[in-house]
Amino acid sequence: MRAAAWLLLCGMLICILGACANAKNKKVVATSGEYEIPYEQLRFVTMTYKMDLDDKYGDGNDENGTIWDDPTTAEKYRAELEELVWNTIKENYALLHACAQEGVGREVFEGKEIEKAVDANMTELLAEYTSKREYKAALKERYATDRLFRFYFALDEMKYMLHTAMQNRGAFFTDEAEFETWLTDGNSAYV
């Protein structure tokens, strides 16, 4: 009887801790127009660029730690990290604002068509892993969440819809690079 009560208590504690972690990930850290930017997105982008910059500037020896472990080197690369993070977040929401200007707004972003495409992409992504446990471990290693992957897949779909909407009104781009330049140069949104 005591063992069952102990297991129940442990299970409840795990659920509470999981809910707290999930609530922290969903906490809004900024807004861009009508869109909220959750903590999980900022964390993912920041940690990804921290690892990239450590690979770029570090000595490659994990035993010596990372460039972020030493306050002097951390300060040296902090501005570059902040710029990379800022530009990535800005580009994500610039895309959503550009979509809204072309009539592909939030109702489309949160609609069934995008959800169906995201579900297909998630199914494809999950097929790359041997188990749900392996997938969850990969998410944790990358400082990501399932919800975050869904957001990025939805952004990809919105980008395609924006490109199509613009072509339908006669704004043709000769290649993807030209479209990317238009999207990120002078068409960004205030975050």
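Before you start: residues are numbered from 1 along each chain as its sequence is written. In this predicted model, local features need pLDDT of at least 70, side-chain atom pairs count only at pLDDT 80 or more, totals for chains, interfaces and linings use all residues, and side-chain values use heavy atoms, without hydrogens and water.

**Stop 1: the aromatic pairs.** Rings of Phe, Tyr and Trp (its six-membered ring) pair if their centres lie within 6.5 Å; planes under 30 degrees apart are stacked, over 60 edge-to-face, the rest tilted. The count here is nine aromatic pairs.

Select Tyr35 and Phe109. Their rings are edge-to-face, 5.8 Å centre to centre, with 85° between the planes. Tyr35 lies in strand β2 (residues 35-38) and Phe109 in helix α4 (residues 106-109), 74 residues apart. Helices (H or I, at least four residues) and strands (E, at least two) are DSSP runs, numbered from the N terminus.

Buried or exposed? Tyr35 has 5% relative accessibility, so Tyr35 is buried. Phe109, at 13%, is buried too. Buried means under 20% relative accessible area, exposed over 50%, partly exposed in between (1.4 Å probe, protein chains only).

**Stop 2: a tilted pair.** Select Phe44 and Tyr152. The ring centres are 5.9 Å apart and the planes sit at 50°, so this pair is tilted. Phe44 is in helix α2 (residues 39-57), Tyr152 in helix α7 (residues 146-168), 108 residues apart. Both Phe44 and Tyr152 are buried.

Together with Tyr35, Phe44, Phe109 and Tyr152, they form one aromatic cluster.

**Stop 3: Thr46.** Select Thr46 in helix α2. Leaving aside neighbours within four places in sequence, Thr46 is in contact (heavy atoms within 4.5 Å) with Leu81 and Val85. The C-alpha atoms of Thr46 and Trp86 are separated by 9.2 Å, though these residues are 40 apart along the chain.
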